[in-house]
Amino acid sequence: MARTIVPFGPQHPVLPEPIHVTVTVEDEIITDAVPALGYVHRGLETLADVRDHVQMIQVVERVCGICSMIHAACYVQGIEEMMGVEVPRRAEYLRVIWSELHRMHSHLLWLGLYADAFGFESLFMQFWRIRERVMDLMEATAGARVIISVNVIGGVRRDLDEDQCKWVLSEVEDVEKQIRQLQTTMLNDYSVKKRTVDVGVITKEQALELGAAGPCLRGSGVAQDMRMTGYGAYDDMGFEPIVETAGDCYARGAVRFRETLQAGEIIRKAIAGLPEGETSVKVRGRPKGEVITRVEQPRGELMYYIKANGSKNLDRLRIRTPTFANIPPLTAMLPGMELADVPVIILSIDPCISCTER
Amino acid sequence: MAFMTPTIVKNFFGKPATRMYPITTREPFSNARGELYIDVKECNMCTLCARACPAQCITVDREKATWECDPFECVYCGVCVDVCGRKCLHQHDQYRAPAVEKFVMHEQGEIKKKPKKEASDSA
Ligand code: SF4
Ligand code: SF4
């Protein structure tokens, strides 16, 4: 058996973003995979030197072009903790609603790309068609489709009135109905299963040892989700993580599919319990100290380390994104698989490369 | 694939999901954040917007009473609109149309003639 080295990426039809994997194959079977990152590094952390801590909200939102709101929520949560700001309950609820809308659209985007990766074009189009309605929800409620910019230190900038709440509820219900119509295709279809079941398996032990995050971890049977810690208003949502045990691509897909529906459930709960009151409080002064905050992003646990010295600019901002944590598990998933499965396996961790490289 | 058949049949006979863009366009939602504009008569050149803008694309010159903004660097965040005490910055609900050449929005405000000092002298 001759050894062949196949470069996968950085430009590949299946990849929305550039990542390079050097795949070593013997015949068609992968024996080794070495990832290389760094094609889209933007130095956003360093921008903290020249932009003040309030302007940084808009900067961190641009770390990820998919779950921008959750990045900003994590960042302001850290600054608020440092400054001892009591955020109004209504603002926390609104953050949950927008976070879950973001999760919904992010998972729908992924489900589409994933379907595309295993060659199911019409399923891809269906998911993206549904996603468009979630994007409309965001534009109507927050003013923009993706980078919705609703977070400020001390609360949120926009509010939902009663009519909007009703409209969001009915739209979410409709979206869920449409997603359910695709459930059998996504979870029971023969050709889908053929491409995903027993492909890219990592066991529970491996997932824990390699530090997997998000659906990658929960797909291997570990019930770990930052929302279980009840940050923001999640303590009122009665949140239960979604777990699958197989640890293969199918399980990761199933986790995300069910989380999309769960997001709708959480939005309903949050709107039903939306308390009256202010949406933001005035914050004076500058942050000082050190803080680590964590939230659950669609791809997994997101962590911010913020160090401030009481001046306008932060001392240090460190962002650890979930895809970064999911790269080592990826290298464990590939060996033993066939070369043709590489696109599906890489997509199954939901790689967000710009996020990872910041 | 069999599970997709109802969806496919429905799509076949249903309305198309896309529009005949650019012949038909979707109107933006009413409070979407779009193109920035200023009502310069109201502006008192306080420079708050220039200092708050995360993209640093606004320049305010107090002496010459000019307000400038590079619309191609603006990220439509609306922070300047929020901080302006005179409420003279606004956003359309539509984003700026693409342009062939870049330019800077230049607005000339009113030059205030030596205000406070003389006033306090005469008082
Ligand atoms: S909308 Fe944002 S980026 Fe644009 S000028 Fe205002 S503050 Fe700057
Ligand atoms: S904040 Fe408002 S009043 Fe002040 S310079 Fe900007 S536009 Fe003018």
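Student: How many residues in the lining of the second largest pocket are nonpolar, how many polar and how many charged?

Tutor: Start with the classes: Ala, Val, Leu, Ile, Met, Phe, Trp, Tyr, Cys and Pro are nonpolar, Asp, Glu, Lys and Arg charged, and the others, Gly among them, polar. In this structure the second largest pocket has a lining of 12 nonpolar, eight polar and eight charged residues. Do keep in mind that this is a predicted model, where local features need pLDDT of at least 70 and side-chain atom pairs pLDDT 80 or more, while totals for chains, interfaces and linings use all residues. Residues are numbered from 1 along each chain as written, chains are lettered from A and ligands numbered from 1 in written order, and side-chain values use heavy atoms, without hydrogens and water.

Student: Which residues lie nearest the centre of the second largest pocket?

Tutor: On a 1 Å grid over the protein atoms alone, a pocket is an open set of points with protein on both sides within 12 Å along at least five of seven lines, a cavity is a set where a 1.4 Å probe fits but cannot get out, and lining residues have an atom within 4 Å of a point. Here A:His53, A:Val54, A:Val283, B:Ala52 and B:Val83 lie nearest the centre, out of 28 lining residues. The volume of this second largest pocket is about 1,100 Å³, counted as the space filled by probe spheres on points joined across faces, edges and corners.

Student: Which elements supply at least two residues each to that lining?

Tutor: Elements are DSSP runs numbered from the N terminus: helices (H or I, at least four residues) and strands (E, at least two). For the second largest pocket they are α1 (55-61) and β4 (151-152) of chain A, with α2 (48-52) and α3 (79-83) of chain B.

Student: And how much space lies in the largest pocket?

Tutor: The largest pocket holds about 1,600 Å³. Its lining numbers 47 residues, and A:Glu132, A:Asp136, A:Arg145, B:Arg19 and B:Arg26 are the closest to its centre. Two or more lining residues come from each of α4 (121-142) and α5 (162-181) of chain A and α1 (5-13) of chain B. The top contributor is α4(A), with 10 residues. By class, this lining has 18 nonpolar, 14 polar and 15 charged residues.

Student: Where does ligand 1 sit?

Tutor: A molecule sits in a cavity or pocket if more than half of its atoms lie within 2 Å of its grid points. By that rule, ligand 1 sits in the largest cavity, whose volume is about 80 Å³. Of the 15 residues lining the largest cavity, B:Cys53, B:Cys57, B:Cys74, B:Cys77 and B:Cys80 are the closest to its centre. That lining divides into 13 nonpolar, two polar and no charged residues.

Student: What surrounds ligand 2?

Tutor: The shell around ligand 2 has 13 residues, with B:Cys43, B:Asn44, B:Cys46, B:Cys49 and B:Cys84 the closest. Ligand 2 sits in the second largest cavity, with a volume of about 60 Å³. The lining of the second largest cavity includes B:Ile38, B:Thr47, B:Val60, B:Cys88 and B:Leu89. By class, the shell around ligand 2 has 10 nonpolar residues, two polar and one charged.

Conventions. Near = heavy atom within 4 Å.
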